[in-house]
Amino acid sequence: MREGQSTVTKRLEYAPPAFWIDNVDLTFDLDPTKTRVLNKMTLRRNPAVPVEPLKLDGDELNLARVLVNGQGTSFRLEGERLVLESLPEGDAPFELEIFTTCNPEKNTKLMGLFLSDGAFFTQCEAEGFRRITYFLDRPDVMASYTVTLRADKAKYPVLLSNGNLVDEGELEGGRHFAKWQDPHKKPCYLFAVVAGPLVAREQRIVARSGREHLLQVYVRPGDLDQTEHAMKSLVNSVLWDEARFGLSLDLDRFMIVATGDFNAGAMENKGLNIFNTKYVLAKPSTATDSDFDAVESVIGHEYFHNWTGNRITCRDWFQLSLKEGLTVFRDQEFSMDLAGTPSACAVKRIENVIGLRSAQFPEDAGPMAHPVRPDEYLEISNFYTATVYEKGAEVVRMYQTLVGREGFRKGMDLYFQRHDGQAVTCDDFAQAMSDANPGSDLARMLPQFKRWYSQAGTPVVKAEGRYDADARTYTLRLSQSCPPTSGQPAKEPFVIPIRLGLVAEDGRDLPLQPENGNSRHEGSMTYVLTESQATLTFVDVDSEPVPSLLRGFSAPVKLDCAYTPDQLMRLLAQDSDPFNRWEAAQQLGLRIAIDLITSPAPLPSRPLNDAYLAALRAVLRHPELDAAFKALVLSLPDEEYIAEQLSVVDPQRTHAVREAMKLQLATELQSDWVWAYEQCKDTGAYQPDPISSGHRALAGLALQALCLAARDQGDIVWPGKAYQRFKDAGNMTDRLNALTALINSGHELAKPALSRYYDLFRAEPLALDKWFALQALAPDHEGNVLPIVRKLTQHPDFNLRTPNRARSLLSSYCHRNQAAFHRPDGGGYAFWADRVIELDKLNPQVTARLARAMDQWARLAEPYRTAARTAIERVAAKPDLSNDVREVITRSLASSVPAQESTNSSPSIE
Ligand code: B3K
Ligand code: ZN
């Protein structure tokens, strides 16, 4: 497997471990600069593997002692590995004792054991345990753990690890100890330790099984008032997993602990989840509706890992999507089930698809493109991606679409029956799904279906419909293709479930009677496309329908269907599938945007046509549609998604076009926006439920439109109202929406509002992150954002070492403010390169994410492309880059698209 720090690991080179580790007994003497770790393990040779030396992984450890069965032994260090050759022969277990020290205070990578605001935390996934002790740091080695923590009692009153507290007591010198035993075997990436001055919100629940559990959410003493929503979400998660999948909590005690310094969102350590504060803490005055939603879904996600990830784990890291894709699917289903109404469910689905399209589609078309189950990596941390997570979740969703909800449940049951307690592969999951559903489309097509795991790139489905009035037939010609990706020049056809309906002129779904098929469907049916091309004919079709394809986004593909604008209007106004109603609006907006972007003419004063405006107005004024849904329909496709449709991207042009569209939408629907604002602006005492958060979303969108229109008309009333709302808001959602309206319209009141915001929230880290982000995301006026961002890097509250703070400023600017980042003078790229070089020395994982802001450089128009390349080459020339950053940068430079060497500045459509 992994031979050293700089070698590529390959999926097909998997070999089982030469040793098993059955028991691990760890004793920690916690100290900020020198923590002592005594590791006593029981090992035995794996009889299935030829005899070889024991090679234990380590990283930045100081080794003091190694004993085998209590005796000194010879050992050597091979790079960072500890190698033991003279071990007892035969299969009998033996004891290995290793004593090391590490320095948590110097651990700015936040992997292994680190300090956050005076408390100890760990992060071991994927390869952090080797920074705590020498070990076989791979997920297929599962052991039983006993952990003793010793520390100063005053500084670290709470001592936590996985499982059950079996002993605790006082020690000399003001120290104390706690001993924990995990009743479940686990891979070391699920190991965790926490020690510090924490307090807990507690709740006892009795599960369906009758078993009682103690749930705890640990935070800093001042933050307890922000844990109610987290606890509620945890209780809901426990109940939901029992109800939907029959999966109960297998522990007496389940703990969540929040830290302000964390690379990821959260971590599913067995019984001791460690969370970024961003996904635990929520109170109405500092957290928005999306923050509340994110807390619910991340708490769900980590909890659901207890079965999908922990009870059944991954054999190797190439199988990451086995646990991540499945668990994202589960958390999405959880949030949808909790949302309640079909409309609120559709809103969740649309939000997920927006995320997939703006993050995963570009990834699949860029230098980091990789299959859901990657084939190789230099640094596994780089593969915690939208492809592994979100596309992986879509793959799991397709199983459910193919075998139905009940069939999916059967597949899950069989998966647990077969593999509980094991470390397995994506193939094992696929096989369980298929075997549990004999005779299904899935079972018949399994090998082909599994291409979703092995082929990268976003497939394109082309659809052409033809109505024959005489024969009363409607024929759909479908074809699929997938663009080449690195190392995969040609693709085999995928299994693509296409949920579809035929929409009549009055909006009704026509009955679906496929020719040669005996079953008739009343509303929608799922057609499974398996060939490169296929024809599907429906008979007894009374009038020319509009096909509604890929309903609910039934597969992670791009649909290419030559709809007329009138057909899209019909779908927008009447489709029974809410997802496709929204999608029709997106397509209408996207087409207008692309036409304008690719036209050499100057932007017209009225880029939007009357029919499109009228259609959007009708949605905005609709008496029955939910506000949340309206807000999504009235939001234009984002710049990332628009850019994704273009083979050459001029970010300034893309931005200018979208802004012009937004402005016209604001001015010409002005009275409608006023109406919507008045309808939605008051939501009473704060509740994060779908109805009231929908009202806030639409009121916020309306206020932004009204401030934009006001700027255009030199009016001061709406900015004044926005400022007032900003000041008086009873919750962060309304407050932030009002502030954003002022900032986005460039109104001078934005300045005092921002400084007032700072005064209000300077002591609230998560709210202060938003203050940094707001300024990094501000509209660019003659290049003013970069100097502001630069200045903010010197702000006393800015700290590069805290991932949330670094991301709030740097990622917001580099990833999410296209117009300000892509400067014709290349200043944004130079700033990016400087920060990447600076931050890589502290925290490679966070830096590698930032480095990916340049993923799309090869598709940029000039002068951006050359300036971007220069900046990337400057980073590449640094000799001491981390593997994390080197992998991203190397792939990026290798992605130069030859066809564009002769780029002219006029963009073309893919
Ligand atoms: N499994 C963790 C991710 C850990 C990230 C490591 N770089 C959180 C999650 O997906 O649930
Ligand atoms: Zn996860």
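**Reading the zinc site and Thr847**

Author: Start with the spacing: the donor residues of the zinc ion (ligand 2) follow the pattern H-x3-H-x18-E in sequence. Before going on, this is a predicted model, where local features need pLDDT of at least 70, side-chain atom pairs count only at pLDDT 80 or more, and totals for chains, interfaces and linings use all residues. Residues are numbered from 1 along each chain as its sequence is written, chains are lettered from A and ligands numbered from 1 in the order in which they are written, and side-chain values use heavy atoms, leaving out hydrogens and water.

Reader: Which atoms coordinate the zinc ion (ligand 2)?

Author: Donors are N, O and S atoms within 2.8 Å of the metal (3.2 Å for Na, K and Ca); water is not among the atoms, so sites may look incomplete. Here they are His301 (NE2), His305 (NE2) and Glu324 (OE), at 1.9 to 2.0 Å. His301 sits in helix H2 (residues 289–305) and Glu324 in helix H3 (residues 320–339), so this pair ties together parts 23 residues apart in sequence. Helices are DSSP runs (H or I, at least four residues), numbered from the N terminus.

Reader: Is Glu324 buried or exposed?

Author: Buried means under 20% relative accessible area, exposed over 50%, partly exposed in between (1.4 Å probe, protein chains only). Glu324 is buried at 1%, and His301 is buried at 7%.

Reader: What does Thr847 touch?

Author: Contact means heavy atoms within 4.5 Å. Leaving aside residues up to four places away in sequence, Thr847 touches Val836, Leu839, Asp840 and Val885. Thr847 lies in helix H25 (residues 844–851) and is buried, at 0%.

Conventions:
Helix = DSSP H or I, 4+ residues; strand = E, 2+ residues; numbered from the N terminus.
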